[in-house]
Amino acid sequence: MTPTSEREHQPLDFPSAALPLLHDAQMRGNVRHATGVIQGKRFRVVGEMPDWQLLREAGRQIRAHSLDYLDFYLEQFEQRCTAAGGHVHWARDAAEANRIVLQLAQNPTGRVIKIKSMTTEETGLNHALEAAGIQPIETDLAELIVQLGHDKPSHIVVPALHKNRHQVRELFVRAMNLPHLGDRPEDLAEAARVYLRQQFLSTPVAISGANFLIAETGGVCIVESEGNGRMCLTLPRKLISVAGIDKIIPRFRDLEVMLQLLPRSATGERMNPYNSVWTGVHPGDGPQEFHVVLLDNRRTEVLRDPEARETLHCIRCGACQNACPVYRQTGGHAYGSVYAGPIGAILTPQLALMKRGQSLPYASTLCGACYEVCPVKINIPEVLIHLRGRVVTGRPRSLRALHPEAIIMRSMQWMFLSETRFRLAQQFGRIAQRPWIRRSGWIERLPSILGGWTRTRDLRPLPPQSFREWFQARPRSAIESASKSPPQVSPESSEVPHG
Amino acid sequence: MRIALFVTCYNDTLFPEVGIAVVRVLERLGHTIDFPYAQTCCGQMHYNTGYLPEALPLVRRFVDIFRDSEVVCVPSSSCVGMMREHYEKIALASGDKTLQSDVSALLPRVYEFTELLVHRLGIEDVGAVYPHRVTYHASCHSLRNLHLGDVPIRLLRNVRDLELIPMEATDLCCGFGGTFSIKNADVSGAMLEEKLQYVQKTQAEVCTACDNSCLMHIGGALHRQRAKMRTEHIATILGSDSISPATRKDAY
Amino acid sequence: MAEAREPDVSANDPLSARAETLARIRSANRASISDARTLSAEEAWRKIPRNYRDAGLLTESDRIELFTERLREYGAGVYSSQPAQVAGTIAEILQKRNKQTMLLSSDVDPNWLPQTGARFVSDNELSYAEMEACDGVLTGCTVAIAITGTLGLCHPSPLGRRALTLLPDYHLCVVDSAVILETVPEGIRAIEPHRTQPITLISGPSATADIEMTRIQGVHGPRVLDVVIVA
């Protein structure tokens, strides 16, 4: 496969990447606070919608239908957008998308303004632009913070949630040369407003992503809060939107579902401050040159897997991240990918053809909180399990059978397939554990891979009698009398004898 | 009623008092308990770790053993969740038509223990006595797979002398997640640490749940910290009466 | 599309990217949709269940009240007026806000304009700098949604250019109560005839919560939004 732009080297696996983050109390505090606030708001505004579950189902079906007819809708989009004066480009992978954008983005100022876009993060567009001598200016407040800090976004919707106001002030003071800048969020927002206004008015090219591509009209919809999006898609002469092929919805009317699901799930607002829809070029209003780059970048590989294609239903609301108890501890950077949290755990390895990010499907307790909040009902736990299966079967053939985990699983299965073996294993366990039982009567330290458990927890040892042994040993009379009334079980027979 | 007990592999091995308490409660209510000795494991660990082919014979074994049971009682919501969420899919993947129809016929007769009491038997007061301050952890599978809602709470409220203390963030995952607690031991530990703050804030004597997997996790940390609180499966609380607690008291 | 060899993307022409992507989609869909597409896209789209709320239940006065409440929650100022008194209401607001020069969108009814006080500027191909120099903009509203406190603006007809409601720091919007609908589906369907025009849905002043999740009003769009509801 041709390389995508994201670093192709194998990043750290999730447990290793998470480790230093778990010791970053500041970051963890920020993440907990931010996800907690959004979760609370989401809970409130979702709770006031009596038809929320019906909307979710409609949303799921609209997304599934869009994918089922994806070729049809993309061609329709292309045709309508072109008819409206837009230009549609197709890119098989990140490199191709970046090349297209680079050619279009050339301008005398040497700058482009950008609206926050996960898709251009995925393609690594900013690096490509910089390498070509074009300075990309992120205009979303959080993305600006991330960019000035040479940092990476840690959340789909709130990319800088790992930074607090003092850290943001430090960045702005340096970048904007404002030594007396206050650190109230209002001061910081005002500084960004002044800093960026000049860029909006003087930069001739803007680059955006897209929340929805509307096949019926060839239109694009962008959902935002700050107005930087409107600035970018209204003021410059040229606008380039980079969108994954999965962003398509059939009709304008489908926005009546999506624009209810997305804001409530993403930021816990009934509606976000600004939604913009435009179609091609509008004479006398806005950019007079408009390009859409439709990006595959292995999305068609996701589409190919019947068990996992629902991953592409995602509308990038980030609700699963806020709900995820794992993300809550680690933040987004542990996922080693643009896409973090539960959705990242299923999307990232698929976009990497299961060659990277194999630890991500295991970065979940399968608690189901992500599925519960997903506005388009992506059954993330189910997809996680499916991808775990692909990780296992994707191991090199020669190693597959010898993988320690596979050996354990096969041995456990062999044991469970015979009652005798299971009994013997129980008896063996009782003997084998003896050296590990401490004076407290518990196991406090275990060897090798099981040692992870005893790092923070003790383990109660196996009792001297298993349930089946107890059941078998109890007097028949107890059973007979128990089935008659009055029921009475003597305490002796119900207690597990302990030695 | 003849009730077949699927005690689950880890309750059988590690927490026999749970099975004993289930037997006690159900017999006290006048039912007869079958315990098919051939039973072992539902296959959850294999399936959830990505070993679907390895899980299949375990699924088949479970179905063969309980095919003819009138009602199957399982004191573990994660095992019931495994069956309800995945058995049909596993059967479908096997291409075995008989297995598919057996699974579909059996599943409606499988109940988690508290669910069996409240939804199938219509009982919210099992006549238990348990003079302790208790808090309840709503395990992920009981909450989101089985949708048990307040079923366990209703049962606990009817236990004599039991003081039920609500837990803040009762639905926050404890971080166990089966092999997750081994593969991602540090993150799991961090999750547990947060959960434990809420658990200990209740100042209860006992933390209970419908899943011993979570309780093994929470209890392991409580013991490590030499906390005054201990964990107890809901069945052992419901199985306690004035003369004999059903809990394994000497373990603490 | 066979799994065989990955194509060398670096040596491609644009046409093949299109053809290849579509071919990959078709092949993937053939492989993974169990019930092949027997319906047309149109028929299949119509089968999507839409049993969510798509009609209002409230009386007009309750609808206005809900709209008002939702706007206020976003931090917008809300004023009520009557058809004959709009000019007076606007004069009062502009005086209170101390706005001297106001841009006008093309959907503004001349009867709304007070005779004294502020100066009103129409968009006769104004430069962005000229727009920015104005204290604010006065507009009408094509459709409003009560449940979300949303103003639906359609450009360039009837409203004018999009930049009008973007560059000035203050937006005063006059909403005829007849265009206020209760639910989002009603609102979207009412805008649907304008679907190929630029559309802006505004719900409160621009805002961000990017720093410590503290909501701050006014980042790049107008920092202050006032709405006059005419009933």
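Reader: Which conventions apply here?

Author: Residues are numbered from 1 along each chain as its sequence is written, chains are lettered from A and ligands numbered from 1 in the order in which they are written. The model is predicted, so local features need pLDDT of at least 70 and side-chain atom pairs count only at pLDDT 80 or more, while totals for chains, interfaces and linings use all residues.

Reader: How many residues does the contact take from chain A and from chain C?

Author: Two residues are in contact if their C-beta atoms, placed from the backbone, lie within 7 Å. Chain A gives 82 residues and chain C gives 67 residues.

Reader: At roughly what angle do the axes of H20 of chain A and H4 of chain B cross?

Author: Helices are DSSP runs (H or I, at least four residues), numbered from the N terminus. Axes are lines fitted to C-alpha atoms over the stretch in contact, with angles from 0 to 180 degrees between N-to-C directions. Helix H20(A), residues 404-416, and helix H4(B), residues 52-66, have axes that come within 10 Å and cross at roughly 10°. The two helices are therefore roughly parallel (angles under 35 degrees).

Reader: Which residues of H20(A) and H4(B) meet?

Author: Met409(A), Arg410(A), Gln413(A) and Phe416(A) meet Glu54(B), Pro57(B) and Leu58(B).

Reader: What does Ile380(A) touch?

Author: Not counting residues up to four places away in sequence, its contacts include Cys320(A), Pro342(A) and Tyr371(A).

Methods:
Angles under 35 degrees count as roughly parallel, over 145 as roughly antiparallel, 65 to 115 as roughly perpendicular and the rest as oblique.
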